[in-house]
Amino acid sequence: MALSAEESGRLAALLGGHAERVTQRWTEIVAGSLRGRLSQAELRRQVQDLHSAIVATGEHGAIDLSAESAAELRAALSDLSRGRARQGFSATETAISVFALKDVLAGLVEEAGGDNALRDYIAFSRLIDEMGLFTFESFVRTRESLIADQAEQLLELSTPVVKLWEGVVAVPLVGTLDSARAQVVMERLLQTLVDTGSPYAIIDITGVPAVDTQVAQHILKTVVAARLMGADCIISGIRPQIAQTIVALGIEFGDIATKASLADALRHVLRLNGVETARRQPRRDV
Amino acid sequence: MTAGIDLGHPQAQAIRSDEDVVRVRQLVRGVAVAVKLSLVDQTKVVTAASELARNTLVYGGGGTVEVATVDNGRRRGVRIVFADSGPGIPDLDLAFTDGYTTGGGLGLGLSGARRLVDEFEIETSPETGTRITVTKWSR
Ligand SMILES: Nc1ncnc2c1ncn2[C@@H]1O[C@H](COP(=O)(O)OP(=O)(O)OP(=O)(O)O)[C@@H](O)[C@H]1O
Ligand SMILES: [Mg+2]
């Protein structure tokens, strides 16, 4: 798929010889496709970077996008796609920025004429196709890692450990408790227990739609780990349908205290500590 | 096969990742709501599906699930078929023993899932893998 040394030389000469015109025209075409969502100056700089990378690589000899000698060109393409992916452009919009060079080259090759014109144009096009695909792929990779990052942030956000009372922390679990989430929850809870020196932790599962053996196992492991650190866990938010399902599954929470609601769990802890709560106090009219 | 007329097309889903297990749960919940299962029965069948889907993934090396509505003239229900072409289960009695696990689990998934549904059929062999059909009827 690589260009021969002669073809590369001719491409470099063609692009290098008309540097101003090429970057000008190239920028115009791309600007049209992006409809003003990127500043002209920024776009121009990107196009110039690509342009000089192609010229520099071509002057060095045969352009082979996968070879060591094309490292600079690949870096320029990756920079372009990373930037575009972060700025929220689509993969197509990004690839067009590369494919636009074909239009520019068509004019130049025609103008230059010569016996090789058609063959050269076909060879150049093939290189640009390859560059476009490379851009597309690195765009997708960047998007994927962006999505993974966001998922991780969401994970952190969605598992807050709150201090409910002096000596009592709570983790309200919401949604699916998969292994990755469970790991985060466990670490967060244990860290908070250390930071606050709390002897009690309440794990509230009101927001968990189904408690299967995996969820149960994660909870049990967390409770055991908390115990090793000297803290007692209470599981709260066990709704009737979850309770019946847990029983049918055969899951046993052993001697772990379980409560229907977070309020019940807190009341339970306070009572253990000799704090009288409102519910148990006799009403007195003033 | 158990009696029951299939209504409409079963919805199929591949089980290749943890995310797919979540999708299976959502799919089953959707159908369970559509056939008007009670909240308790919805939760039971979703939980059973979660167990069997995870077994398909972990022990069967991945597979497929089909979720369909069934109607036996008196009641409607949800029928789910899990299929993998994994190693099969060599000793069913053992596998259905509460607490038996070869994967460090609680060993309750298979036996628990059977208790959570109304009908449970299993075919397994080293040649064909494992195929489990469960049905939960509305009351
Ligand atoms: N689809 C399958 N293919 C092959 N082996 C299976 C399959 N499903 C279950 N098994 C075997 O049966 C055993 C018991 O399964 P079961 O679901 O009851 O427990 P577990 O998956 O090990 O733990 P848990 O489900 O409680 O987290 C498994 O450990 C595994 O050896
Ligand atoms: Mg299991």
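The lining of the second largest pocket comprises 8 nonpolar, 4 polar and 6 charged residues. In this classification Ala, Val, Leu, Ile, Met, Phe, Trp, Tyr, Cys and Pro count as nonpolar, Asp, Glu, Lys and Arg as charged, and the others, Gly among them, as polar. This is a predicted model, in which local features need pLDDT of at least 70 and side-chain atom pairs count only at pLDDT 80 or more, while totals for chains, interfaces and linings use all residues. Residues are numbered from 1 along each chain as its sequence is written, chains are lettered from A and ligands numbered from 1 in the order in which they are written, and side-chain values use heavy atoms, with hydrogens and water left out.

**Second largest pocket**
- A pocket is an open set of points on a 1 Å grid over the protein atoms alone, where a 1.4 Å probe fits, with protein on both sides within 12 Å along at least five of seven lines; lining residues have an atom within 4 Å of a point.
- The second largest pocket holds about 220 Å³ of space, the volume being that filled by probe spheres set on the points.
- Of its 18 lining residues, A:Thr176, A:Pro209, A:Ala210, B:Val22 and B:Arg25 lie nearest the centre.
- Two or more lining residues come from each of α8 of chain A and α1 (18-34) and α2 of chain B, helices being DSSP runs (H or I) of at least four residues and strands (E) of at least two.
- α1(B) supplies the largest share of this lining, 6 residues.

**Largest pocket**
- About 820 Å³ of space lies in the largest pocket.
- Among the 40 residues that line the largest pocket, B:Asn55, B:Val58, B:Tyr59, B:Thr101 and B:Thr102 are the closest to its centre.
- α2(B) contributes the most to this lining, with 7 residues.
- The lining of the largest pocket has 16 nonpolar, 17 polar and 7 charged residues.

**Ligand 1**
- Residues from chains A and B surround ligand 1, so the site is shared between chains.
- Of the 20 residues around ligand 1 (a heavy atom within 4 Å), B:Asn55, B:Tyr59, B:Thr101, B:Thr102 and B:Gly107 come nearest.
- Polar contacts are pairs of N or O atoms within 3.5 Å.
- Oxygen atoms of ligand 1 lie 2.7 Å from a polar side-chain atom of B:Asn55 and 2.5 Å from a side-chain N or O atom of B:Thr102.
- A nitrogen atom of ligand 1 is 2.9 Å from a polar side-chain atom of B:Asp84.

Terms used. A polar contact is a pair of N or O atoms within 3.5 Å; within protein, one must be able to donate a hydrogen and the other to accept it, and residues adjacent in sequence count only if both atoms are side-chain atoms.
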